Amino acid sequence: MILAASIYYFTRNEKKIYSSESTIYTGLASGYNLNGTAKADYYATSNAFDNLLSLIESRDTKKDVIIDLLAEHLSLKKHDPAILTWGAYDELQKVIPDDFKSKIVKPTFLETRKALASFAGKADENVIYKLIYSENPYYSFDALKNIKASRISNSDLIKISYETSDPIICKRTLELLEETFIRKNRLLREGQTGSVVDYFETETKKAFAKLDSSELNFLNFNKNNDIINYYEQTKAVAGEREILYAQNHNLEMEKMAANSSLNKVNSSIEGRNNQVFYGQDIIREREKLADIYNKVALSEIVNTDGSNKKQVDSLKSVAARTEASLKTTLDKLSVESNTPNGIPTKSVLDEWLKTTLAYEQSKAKLAVMDRRKKEFEVEYKKFAPLGAMLKKIERQISVSEQEYLELLHGLNMARLTQQNTELTSKLNIVDPPFLPLKPNASKRLVLVVVGFVVGFVLVLAFILANALINRTLLEPTRAKKSIDAPLLGIYPLLNENPEFVKKANLRLIQQFLSTVDAKAKPIVIGVLSNERGEGKTTIINLLEEELGNLGYRVEKQILLNNSTENTPSYLPLTINNSDNKLLGLSKPINLDRALAEIETKSNETKDFILIEFPALADIIIKPDLFPQLNYAVLLCRANRVWGRIDKEVLSIFTKTTGNKPLFILNGVDTDFAEEFIGEVPKKRTFIRTLIKRLVKFEFGNRKRIR
């Protein structure tokens with residue numbers, strides 16, 4: 001009750017709290033990219049939402065929001081109720097001194113914000129730095145702890161809420177948070193792809209320059225070596241070489257055949273026509289004809305594609321005319337001439353002319369063929385090393401081209417990703433923050449109830465802990481488990497209600513008389529205790545008084561302890577029965593005689609003999625001298641611990657005397673005593689009575705029957 005009342009009192013002036021919220025659509029779970037495919041990766045989506053929520057909760061984002069909010073409010077020339085309430089404005093003027101305000105407030109908002117950011121970044125204990133790291137309800141990290149961001153179920157939506165004591169600042173703070181958060185998210189995502197695009201652009205330019213350089217080397221190589229198509233050219237050269245060698249072989253055969261024929265013809269006309277053969281005209285015509293044949297052969301061999309056909313035809317025409325002229329000359333010289341063999345000279349000359357022409361043609365062609373062979377050897381030596389160099393250059397071009405194409409593909413993919421990121425990083429505010437007009441429901445009642453419950457639990461926990469930790473005898477049920485003896489009865493504390501004490505006396509006498517056998521007289525009862533101060537005198541006086549009131553003859557005896565500090569006490573002990581008072585230590589007497597006298601007097605006049613013994617822990621009992629007892633009553637305090645030594649002392653007493661004592665639990669707390677004695681007789685309110693019945697589960701209990 002005290003805790004609940006304290007909470008109620010200290011929360012009487014609590015500030016009203018206003019809250020606002022906003023919803024943002026992200027498109028992370030079900031949005032589409034440029035490829036037109038929906039995202040379905042649960043872990044990637046979860047990671048993306050975690051990044052967004054962490055960005056909202058980040059210190060840098062909150063710091064930007066605080067600076068923006070401060071810049072807006074400090075830029076006000078006077079109070080504007082559309083921007084913040086008067087209380088918040090007045091509090092801000094107190095927090096920011098005028099001299100410091102003049103340093104940070106600039107003509108424009110951007111300049112003011114820049115000045116605030118500069119002071120916020122300095123850890124020199126300036127006003128702005130202290131304000132941000134204070135407990136200010138609007139402009140501190142502690143205030144922005146009330147910002148809550150969470151994903152709505154498994155949707156694409158994020159819900160952001162904020163609560164503070166100023167409704168206008170609450171709404172504006174959420175708006176600034178969304179602006180800052182969306183901007184930072186876009187910069188982060190675009191910055192990632194931007195660096196990748198820059199890398200691919202740089203590397204693509206390098207690869208293209210390398211490829212261009214390799215292709216330029218290839219072009220210069222072809223120019224310097226007169227190469228149009230190396231592989232076709234080498235193929236053509238190899239084919240022409242084979243044809244050339246085949247033609248050379250045929251010409252050599254023709255030359256040898258013509259030479260052999262010419263030698264034979266020369267032998268046939270030898271000695272007769274030498275003058276004719278060697279005439280100036282014939283020799284001149286022959287040389288002219290040989291020269292023409294050389295030109296014709298050269299043109300036919302060199303130009304096999306027929307491009308100089310007109311020139312060859314012209315040379316052949318000249319050769320034909322020369323042949324005709326030479327033939328005419330020979331015909332004139334050989335008219336009607338015969339060879340030695342009887343062959344007409346004209347026929348021999350014709351054969352000689354034909355053979356000579358063939359021979360000269362073969363010679364001319366072979367001469368040209370030899371020159372062409374030398375040219376082919378030079379061409380072959382030129383093309384042989386060019387192949388390896390050309391292969392190397394082509395391989396360099398291929399590698400550079402492949403590298404360039406790969407980087408170009410990567411650049412295209414990076415640009416596609418960049419565009420996709422720019423599209424998907426645009427967060428849309430579905431539900432903008434609203435201006436709260438009504439404050440949140442007060443938590444005062446909840447706090448009071450919680451305080452009451454907590455207080456009740458604390459008290460209950462203390463009671464239970466005390467009960468669990470408390471190792472005393474406490475109450476009868478626990479005492480019976482600890483003490484190896486039957487329970488005779490209980491007795492409460494004497495400072496309780498007098499009526500309750502009377503009821504306890506009545507209950508104890510009832511229990512005592514129900515236990516003893518009154519037929520055998522006198523009944524000798526020993527009142528014992530393990531330690532001093534257990535209440536033996538109180539109980540024995542009570543028994544004496546109550547039994548006397550019932551008409552019984554009672555005698556009380558007290559055995560005094562005659563021990564010193566260095567020697568334990570032995571029975572016999574001093575007996576004192578004078579006026580029922582304890583006089584202290586006296587001279588020991590003979591216990592046998594004293595007990596005999598007591599027994600004689602008791603047999604004559606007494607019903608009960610009550611003997612109070614000293615604490616059992618302080619005496620040594622001699623079995624042969626201990627008095628014969630009908631009953632032994634052991635007194636135990638409820639507020640003491642029954643330990644192993646107590647069990648041992650009680651066990652020794654039982655073994656030594658043969659008496660099994662009954663025990664009375666003395667000084668029992670009222671809450672436990674009521675169960676055995678009865679309810680404490682006093683006035684109670686209806687509420688207290690009801691609570692007590694509820695606690696004890698006494699439903700339907702009535703005092704009387706009507």
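How many bridges join strand E2 to strand E3, and which way do the two run? There are 4 bridges between E2 (residues 148–151) and E3 (residues 157–164), and the strands run antiparallel. Two strands count as paired if DSSP finds at least two bridges between them. Helices (H or I, at least four residues) and strands (E, at least two) are DSSP runs, numbered from the N terminus.

Before going on, a word on the model. It is predicted, so local features need pLDDT of at least 70 and side-chain atom pairs count only at pLDDT 80 or more, while totals for chains, interfaces and linings use all residues. Residues are numbered from 1 along each chain as its sequence is written, and side-chain values use heavy atoms, with hydrogens and water left out.

| Strand pair | Bridges | Direction | A facing pair |
|---|---|---|---|
| E1 (residues 18–25) and E3 | 8 bridges | antiparallel | Ser22 and Ile160 |

**The chain as a whole**

The protein chain has 21 helices and 13 strands. Of its 706 residues, 37% are buried (under 20% relative accessible area; exposed is over 50%, partly exposed in between, with a 1.4 Å probe and protein chains only). Its accessible surface, by the Shrake-Rupley method with a 1.4 Å probe, is about 42,300 Å², and carbon and sulfur atoms hold 55% of that. Contact here means heavy atoms within 4.5 Å. Among contacts between residues at least 6 apart in sequence, 76% join residues at least 24 apart.

What about confidence? The mean pLDDT (the predictor's confidence in each residue, from 0 to 100) is 77, and 75% of residues reach 70 or more. Over residues 563–592 the pLDDT is below 50, and the model gives this stretch 61 contacts beyond near neighbours in sequence.

**Helix H16 and the cores**

H16 (residues 498–515) includes Asn505. The helix has 18 residues and reaches 26 Å from its first C-alpha to its last, close to the 26 Å expected at 1.5 Å a residue; the expected span is 1.5 Å times one less than the number of residues. Its buried residues include Phe500, Val501, Ala504 and Asn505. Among the elements covering the buried residues of H16 are strand E5 (487–492), helix H17 (536–549) and strand E13 (662–668).

Why does Asn505 count as buried? Because its relative accessible area is 11%. Leaving out residues up to four places away in sequence, Asn505 touches Tyr491, Leu542 and Glu546.

A nonpolar core is a set of buried Ala, Val, Leu, Ile, Met, Phe, Trp, Tyr and Cys residues joined through side-chain atoms within 4.5 Å. The largest one has 53 residues, with Ile483, Phe512, Ile525, Phe608 and Leu665 making the most contacts inside it. H16 gives this core its largest share, 6 residues. A second, separate core of 47 residues includes Leu52, Leu76, Ile158 and Ile160. In soluble globular proteins, nonpolar side chains tend to be buried together.
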